[in-house]
Structures are given as structure tokens and as C-alpha cells.
Amino acid sequence: MHALIDHRPEHTRLPEPRRCIAPRLQAVTSADRPERPYGQDGMALSAELKQDLIAMLPRLRRFARSLTRSVPEADDLVQEACLRAIARADQWDRSQPLDRWMFRITRNLWISELRKQQVRMGEGQVAAEETHELRTLETGEAQVVASQLRGLIAALPGDLAPVLLAVSVEGFSYAEAADLFEIPIGTVMSRVHRARKILAANIAATGGDSR
Amino acid sequence: MSVTDEMLSAYLDGELSEVDLRAVEAALEDQPELRDRLAALMAADAAAQESFAAIVAEPVPLALAAAIQNAPVADLASPAGHANLPNAPRRPAQLLAAAVAALALSVGSIGGYLTGREDGGARVAEARNWLDDIADYHAVYAAQVRHLVEVPADEADHIETWLTATLGVGVVIPDLAGDGLEFQGARLLVAAGRPVAQLIYTDTAGGVVALCQISTETPQDSFETRQINDFDLVSFGNAAANFVVVGDAGRGDLSAIAESAASQV
């Protein structure tokens, strides 16, 4: 769990840089990492998995929202991802935390959906990353749906918000985020940085009022 | 080595190499301007976390939780089952059908509106009361052992502040120790399309009792008792909110618990 270890040395002249997630969010996060494996019996396994998925719903909805930027689409995506996980509970590699597995399922489903939308729009088959970039360039639609993200993060392009969420809030290391989003580690670093720069510029433009 | 903003961002994430880390540390010592840039990135990060926290604090739609609770698992143990699951996601129409099926299942197994009630058919046609949603939630969440609550009892102050802000009416956590109940924590729910504070208590036998609160312009002026599915509910109101105490049917002490709670809210 590389991401949870803070390798930075003390720098006493600076304020504490990060991981200032509200305590209740931390509580939810830690509770979502099962300390024991699910039972081997199919029905018991699914029952326990369902409980953990229901408890994880707020975080899954948030991740899905960062991908889809739309509440109804995000909830459809989360439901589909959970149903898929329940149907494939025996395929879960338990060396992997459940949330990492769910984020992967959710992201992969969304990329598949984007590809199909692209095909329906007559653009033909395109690579996952290109699909996402094309999507975020649809400024008219993006501006409408951006309001479904909260506060400042609504200003982030669609390729930046999920990466910032994963790294800054969900505690993914750059390597884990690179694996999840199927991009190089350098691209993770660059996207996280671009996201922070955009937000910092918006904060400066609004005189520090982050709302 | 010049320190780029990208390096500062990676510094915040603990992702710099040893060499870069030393360079950034040294530069931060010497250059006030660099510290300002770092502070701006940190402020951006804090703002992002606040916005993301607002999303995760939103109540989860009951239909979504119910769809997962009732998801079919029959083919899990059978390798052939996977052949029925294509890699591509289902089309929206199929997804909708799945959602409808899941909701239908939820009415069957959680709601039970069509079973065991002589007026079952008419019952479904009625507009759902918030108490119906509360009973459904209780069926889902009272079964949660590891995840009984969203915010634990040791954050009582935060719970009251958070739920008061969300509901728009004062939320206090009644002390129900006199009724043998220990406060475990809280969840935010949505019922009848509005936010509901759900305060969870357990008794010594592990029984789960919830006190739920919703803001209203038409508060109840008396205690009312009813049974929905396997739960008894005792509802009451105060100046700006309606409340309901919900627990297993037949436990017998819910009216006393409701009176204790009513004297404190």
C-alpha cells in the first residue's frame, strides 16, 4: 500500500500538505477494505460482497460521477459495475482491495460505454484514451453536465477530475493510478498537476472563495 | 536544478525520487516564491477534497442500494454462468430492464407489499410514505454488521453539525441509555425525495433500533404506531420535523423509546 505511506520528510516550516480528508471519509475508506476474505461458499460470498458494495456506494458514485459528470449516468454505471462484481465475485483477486477492483470495473465499463457512443456517433472505433479526450472536447455538452460535479472540480476537464480524485482523495499512488487509467506514470503526474493548476487559478480568480 | 510546478505537485503526493526530493526540499528552504507556489497547489488540493467530500456525503438512492441487495447470484458457483456475461456492458435498454427487475425484486423481498397484505394491490398504487422508505432502509442497513453506520458514534459532534446542515433543522442525538440502547452512529438517507437523518442504536442483544428524522411543514401532533413488513414504527413530530423509531416487529419497547427520544429532540 505504497500510497498510504507518506515518504516526505518533515518540513516544519510548511503546513501539512495533504491527506486532510474529513475524518468520516477516512472512516468509510478504511471500513471498505475488508480485513478478512469473503467466504468460499457462493451465496455467503455474494451476501458479504453486497454488504461491502452497499457500504462503498458513496465512493463508487463519486468516482463514477468524476467519469460521467452526470448523476443519472453515474448511478447507472455504479449499478452495472456492482452487478458485474456480484456476478463475478469468484474472479476477485483478494490480494487487491475491493475498492481497487471496483474502480477498475467501473472505469472499464465506462470506457466501453464511451466507445459504443463513439461508434453510434459514426466516429468509428477509437482507442480508450482518445475516446475520453474526444468526449471532453464536446464543450457544449460538457458545460451542461459539468454542473453535476461539485464546486470547483466542475471546472476540471473530464480527463483530469478522475485522476485527481484517485490520487488526491482515494490515496492511489501514481503507479496505481497509471494502472487504473491505462496511462503512463508521467501522464498521471502531469494530469494531477494540471488539475491543481486549474483549481489554483480559479481560486485566485475568485479571491480565494473556493465555493 | 530548477523546480517545476509539476515537481511540487508530485512532492505533495510523496512521489518524487530521492534526488528530486532533496532538490525540492533545498529549493523550498531558499525560495519564498517557491513556497508560495506550493501553498497555491495545496490550497487547490484542499478545495478539490472539499468538493469531492460534498459528493460522497450525498445520500445514496434507495433504488440503487436495493438493486445491489437484490442482485441475482444464482449462477455464481457455476462456471457456465460466466458464459452468460458478455464482456461488453449491456445496452442501456437492457440496463434499464435490469434496474426494473431489481426494483421488482426489491418490492418482493424487501418491500413485501404484495405479500401478506389483504390490501396489497391498492397499497402499491398509493404514493409512498416516507415511512415505507424508512422500513426498506432498515431492512438493508440493520443487516450490516461491519458497516452498520456511515459515521461512528465517536464523531457525535460532527454528526449533529453535518445532519443539521443537511436537513435544515436541528438534529440532536438523544441519550437512550435509559432504554437500554447504545448510540452507534449515523447515516444520511433519502426518503420521499428528501434527506433523512438516521441515528442508529443497538441493544445488548444486538438488536438494531433507528431514530429517523425528516424536516416537514406538517409535523405530527401525536404518537402513531404502525407495522411495515417485519418492523414496528412509532412516529411523532416536533415543531419542524417528523421522527420515527423503527425496530424489529414485536419488540414492545419502541413506544417507550419514542417517548424518551421525543422528550430530548
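A: **A helix and its setting**

Helix α3 of chain B, residues 32-56, has 25 residues and should span 36 Å at 1.5 Å a residue, which agrees with its end C-alpha atoms, as these are 36 Å apart. The expected span is 1.5 Å times one less than the number of residues, and helices (H or I, at least four residues) and strands (E, at least two) are DSSP runs, numbered from the N terminus. This is a predicted model, in which local features need pLDDT of at least 70 and side-chain atom pairs count only at pLDDT 80 or more, while totals for chains, interfaces and linings use all residues. Residues are numbered from 1 along each chain as its sequence is written, and chains are lettered from A and ligands numbered from 1 in the order in which they are written.

The buried residues of α3(B) include B:Leu38, B:Leu41, B:Met42, B:Phe52, B:Ile55 and B:Val56, and among them are also B:Asp45, B:Gln49 and B:Ser51. A residue is buried if 20 or more other C-beta atoms lie within 10 Å of its own, exposed if 12 or fewer, and partly exposed in between, with C-beta atoms placed from the backbone. Of the 265 residues of chain B, 38% count as buried, and the chain has 10 helices and seven strands.

Chain A, by comparison, comes to nine helices and zero strands, and 41% of its 211 residues count as buried.

Leaving aside neighbours within four places in sequence, B:Ile134 is in contact (C-beta atoms, placed from the backbone, within 7 Å) with B:Ala191, B:Cys212, B:Leu233, B:Val244 and B:Val246.

Confidence also deserves attention. Chain B averages a pLDDT, the predictor's confidence in each residue from 0 to 100, of 79, and 79% of the residues score at least 70. Over residues 74-127 of chain B, however, pLDDT stays under 50, although the model has 52 contacts beyond four places in sequence for that stretch. Where pLDDT is low, the predicted coordinates should not be read in detail.

Key:
Contact = placed C-beta atoms within 7 Å.
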